[in-house]
Amino acid sequence: MTSPHYIAFEGAEACGKSTQAALLATRMDAVLTRETGGTAVGARLRAILHDNSVMNLTPRAEALMTAADRAQHLAEVVGPALDGGRSVVSDRSLYSTLAYQGYGRELDVEELTIINDWAINACWPETVIFLDTPDELIAERLQERELDRFEAAGEAFHQRVIEGFRTMASGNTERWITVDSRGSIDEVEASIVAALTERGVL
Ligand code: TMP
């Protein structure tokens, strides 16, 4: 691979994104990072966003906090890495805002796209790997965990989020790769590597 590549992982909570992002970053010798919380400022924003005791945070405020996290992340981590010739593998991206705050919280997806395009200075992930998880499995996993503010948002919310990811993935198959998140870590990794190899990314 010659030029640096910007890849984001997307999907529901506990779908295995973080594990697969770390494996891919190692394979590509890429910078491994995440949204939200990929910078010191972002970590503080993330703490508020996930805090169950934060009541009445409006969807617009929530969306703007994720955009602020992203602007800082672009300036501090993603931009410098790409400019320096390193690829970037990020656990989530602006597509999470479109899925969670757009489809999930029902804010206007086009408005969110404009706000986020501005926040990241139009530096979008070139490839998005969507780990798709069957609906029953998402519900099951959410029952097993102690829930944070997002996880506690209810089944209908999470259903809208996952459908949002599916809609975005099927609407832009040049950028998105959908991978079944079931199967062992090795199996999922093999599917990701095969898809990226086919596209000439690896
Ligand atoms: P994670 O630890 O699985 O990445 O979880 C992050 C949570 O934050 C997850 O519930 C999705 C949510 N989130 C948004 O709602 N909007 C965003 O823009 C991002 C990046 C995350």
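**Entry 1: backbone.** I began with T36, which lies in the loop between strand β2 (31-34) and helix α2 (40-50); helices (H or I, at least four residues) and strands (E, at least two) are DSSP runs numbered from the N terminus. The peptide bond from E35 to T36 is cis, with omega near -5 degrees. I note that this is a predicted model, in which local features need pLDDT of at least 70 and side-chain atom pairs count only at pLDDT 80 or more, while totals for chains, interfaces and linings use all residues. Residues are numbered from 1 along each chain as its sequence is written, and side-chain values use heavy atoms, with hydrogens and water left out.

I then looked up positive phi values. A14, in the loop between β1 (6-11) and α1 (17-28), has phi near 60 degrees although it is not a glycine. With 32% relative accessibility, A14 counts as partly exposed (buried is under 20% relative accessible area, exposed over 50%, partly exposed in between, with a 1.4 Å probe and protein chains only). R92, another residue other than glycine, has a positive phi of about 85 degrees. R92 sits in the loop between β3 (88-91) and α4 (94-104) and is buried at 13%.

**Entry 2: helix α5.** I asked which residues of α5 (109-119) are buried, and found L112, N116 and A119. They lie on the same side of α5, because they cover an arc of only 50 degrees around the axis, taken from the directions from the helix axis to the C-beta atoms. E110, I114 and W118 are exposed on the other side of α5. The cover over the buried residues includes α3 (59-83) and α4. At the N-terminal end, D108 caps α5, with a side-chain oxygen 2.9 Å from the backbone nitrogen of E110. Just after α5, N121 takes a positive phi of about 50 degrees.

**Entry 3: aromatic rings.** I recorded 8 aromatic pairs in the structure. Rings of Phe, Tyr and Trp (its six-membered ring) pair if their centres lie within 6.5 Å; planes under 30 degrees apart count as stacked, over 60 as edge-to-face and the rest as tilted. Y100 and F157 form a tilted pair because their planes are at 50 degrees, with centres 6.1 Å apart. This pair links distant parts of the chain, Y100 in α4 and F157 in α7 (155-171), 57 residues apart. Both Y100 and F157 are buried. Ring pairs link Y95, Y100, W124, F130, F150, F157, F165 and W176 into a cluster.

Key: Contact means heavy atoms within 4.5 Å. A polar contact is a pair of N or O atoms within 3.5 Å; within protein, one must be able to donate a hydrogen and the other to accept it, and residues adjacent in sequence count only if both atoms are side-chain atoms.
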